[in-house]
Amino acid sequence: AAASNGRVYLAWPYAEGSVRLVCVDQKIAGKDEPPSVVFRSNSTANARGFPCALAVEGDDMFIGYDCIPASKDAVSCAIRVADARTGQAINFPFGKKDIPLGEWTPEPTMHDDKPLFERVKTGDLGPLQFRGGRIVSFNLIALAVKGDMIAASLGRQDKVVMYNWKTGEKVKEFSVERPTGLRFEAGGSLVVASGNDLLRLDSATGKTTPIAAGVLDHPWGIAL
């Protein structure tokens, strides 16, 4: 989910129909009044992979995709951009539809056979999907955007990556243990949920400073 300019944007990795993106007016509807839907979009239906992260900046909506088939054993994740006013997919300013974030190899997990407390200990609690008869969790967890910069947390690879979305250039890569939610602060630093911690990541130096250390229980998303 993401919110900007009085609108709330929602995405579903899985849907019975083709609509996976919905934008609604931020005003809460009355008891007998349906929410005001700005658009429903199936633009993600043509994208390989599953939408799993959203970020909005001005008229641009950034959608993270994961589990894109890459090879027999590997999948990849990427970022796409759409018009935040209509939900229609568009190209990045450098002329391509995707910013590739790289490949990763899913490890089979048996969630149905693991009690909840065991899944909490390993952080194995994210969105799930089937691939080749195996259940895997997503690697791409969250996106954050500020100006020309877009950051992505790759939880299975223990890193946060940053790109210039206008040029497609990879700008930075930071080692962060099990990152999930992240947001830019006004000064350009990133606030990142990491395992049981909440960190401030200096996007210039890569230095991390604890905001809350060891007092959280695997937070998934954050908002500032």
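**A tour from K27**

Select K27 to begin: this residue sits in the loop between strand 3 and strand 4. Strands here are DSSP runs of E with at least two residues, and helices are runs of H or I with at least four residues, numbered from the N terminus. The model is predicted, so local features need pLDDT of at least 70, side-chain atom pairs count only at pLDDT 80 or more, and totals for chains, interfaces and linings use all residues. Residues are numbered from 1 along each chain as its sequence is written, and side-chain values use heavy atoms, with hydrogens and water left out.

K27 has a relative accessible area of 67% and is exposed (over 50%; buried is under 20%, partly exposed in between, with a 1.4 Å probe and protein chains only).

Strands count as paired if DSSP finds at least two bridges between them. Pick V22 and look across to R40, its bridge partner in strand 4.

Four strands make up an open sheet with antiparallel pairing, in the order 1-2-3-4. Strand 1 (2-4) and strand 4 (37-41) are at the edges with a single partner strand each, so one side of each has no neighbour in the sheet.

Finally, zoom out to the protein chain, which has one helix and 19 strands. Buried residues account for 45% of its 224 residues.
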